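Welcome! Here is a short tour for anyone meeting this structure for the first time. Take a look at it below, and then we can walk through it together.

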Amino acid sequence: MQHAHQAPEKSSRRGRRSPTMGGMPVHDMPWWRWRSNVRSALHMLSDPAFQQECWATGRPGYGDVTDAVYRLVEDTWLDNWSAEKYVGTIFRDSQEAALVDTAVLRVLRIMHQVGADAPVAAYLEHHAWPEAVRAARDAHQRLAVNDGEDPEVPPQSLDALALSLRAV
């Protein structure tokens, strides 16, 4: 697995870019994969028990906080514009988009304060982390319920996520 601060080789932010719409690559990844990546990131960011059991201990297969942040914003560019732009594709409605925007802004604010390469503890001990977790939880619950899934199921490993994306 690559380090979180390195973009994946097939990232939309490195190398040759596909045709763009407002600067965003239009053919890099289908919308349902974007949704799966956003949901996975929000799920991990929303679960303090998972964070202690997996991220704080460095458990293999689950990445770390920075991996989740990049999965949340890398292909969607939610660090550059509102999730509202994706209503009707990645997000079902404006409420989903607003919840995702809130989570993205709170998590990115912390990442910019502690640094992308900061240890997991720097995030988990940050004074604003509980607010970021709460915002991610609100977004995760809404997206999971709207997809007919149980939001209380523990987060999948990154390998399980990759397999589910290949299976679709």
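Is E96 buried or exposed? E96 is buried, because its relative accessible area is 0%, under the 20% that sets the limit for a buried residue. Please keep in mind that this is a predicted model.

**The overall picture**

- The protein has 7 helices and 2 strands.
- Read from the N terminus, its elements follow the order β-β-α-α-α-α-α-α-α.
- The protein has 168 residues, and 45% of them are buried.
- Of the contacts between residues at least 6 apart in sequence, 66% link residues at least 24 apart.

**E96 and its surroundings**

- E96 belongs to helix α4, which covers residues 94–114.
- The side chain of E96 forms a polar contact of 2.8 Å with the side chain of R35.
- Leaving aside residues up to four places away in sequence, E96 touches R35, I90, F91, R142, L143 and N146.
- Two of these names come back in the next group: R35 is one of the α1 residues in the contact with α6, and L143 is one of the α6 residues there.

**Where α1 meets α6**

- Helix α1 spans residues 31–45 and helix α6 spans residues 129–146.
- The axes of these two helices come within 8 Å and cross at roughly 135 degrees.
- What does that angle say about how they lie?
- The crossing of α1 past α6 is left-handed.
- On the α1 side, the contact is made by R35, V38, R39, L42, H43 and L45.
- On the α6 side, it is made by W129, V133, A136, A139, H140, L143, A144 and N146.
- Sorted by class, this contact of α1 with α6 has 9 nonpolar, 3 polar and 2 charged residues.

**Where α1 meets α7**

- Helix α7 covers residues 158–167, and its axis is 11 Å from that of α1.
- The two helices pack at an angle of about 160 degrees.
- α1 and α7 are therefore roughly antiparallel to each other, since angles over 145 degrees count that way.
- α1 passes α7 in a right-handed crossing.
- From α1, the residues in this contact are W32, R33, S36, N37, S40 and M44.
- From α7, they are L158, L161, L165 and R166.
- The class count for the contact of α1 with α7 is 5 nonpolar, 3 polar and 2 charged residues.

**The enclosed helix α3**

- Why is α3 described as largely enclosed by the rest of the structure? It is because 8 of its 9 residues are buried.
- Those buried residues are V65, T66, D67, A68, V69, R71, L72 and V73.
- They pack against α1, α2 (48–55), α4, α5 (120–124), α6 and α7.
- At the start of α3, a side-chain oxygen of D64 comes within 3.1 Å of the backbone nitrogen of T66.

**The loop between α3 and α4**

- W77 sits in the loop between α3 and α4.
- W77 is buried, because its relative accessible area is 11%.
- The phi angle of W77 is near 65 degrees, a positive value in a residue other than glycine.
- D79 is also found in the loop between α3 and α4.
- D79 counts as partly exposed, because its relative accessibility is 33%.
- D79 and L105 are 26 residues apart in sequence, and their C-alpha atoms are 7.8 Å apart in space.

**S94 in helix α4**

- S94 is a residue of helix α4.
- With 39% relative accessibility, S94 counts as partly exposed.
- Not counting residues up to four places away in sequence, S94 touches E84 and V87.
- The side chains of S94 and E84 are joined by a polar contact of 2.9 Å.
- S94 and A83 are 11 residues apart along the chain, with 8.4 Å between their C-alpha atoms.

Definitions and conventions. Residues numbered from 1 in each chain as written. Predicted model: local features only at pLDDT ≥ 70, side-chain atom pairs only at ≥ 80, totals over all residues. Heavy atoms only, no water. Helix = DSSP H or I, 4+ residues; strand = E, 2+ residues; numbered from the N terminus. Buried < 20%, exposed > 50% of the residue type's maximum accessible area, 1.4 Å probe, protein only. Polar contact = N/O pair within 3.5 Å; in protein donor to acceptor, adjacent residues only side chain to side chain. Contact = heavy atoms within 4.5 Å. Axes fitted to C-alpha atoms, helices over the stretch in contact; angles between N-to-C directions. Left-handed = near helix turned anticlockwise from the far one by under 90°. Nonpolar A, V, L, I, M, F, W, Y, C, P; charged D, E, K, R; others polar. Parallel < 35°, antiparallel > 145°, perpendicular 65-115°, else oblique.
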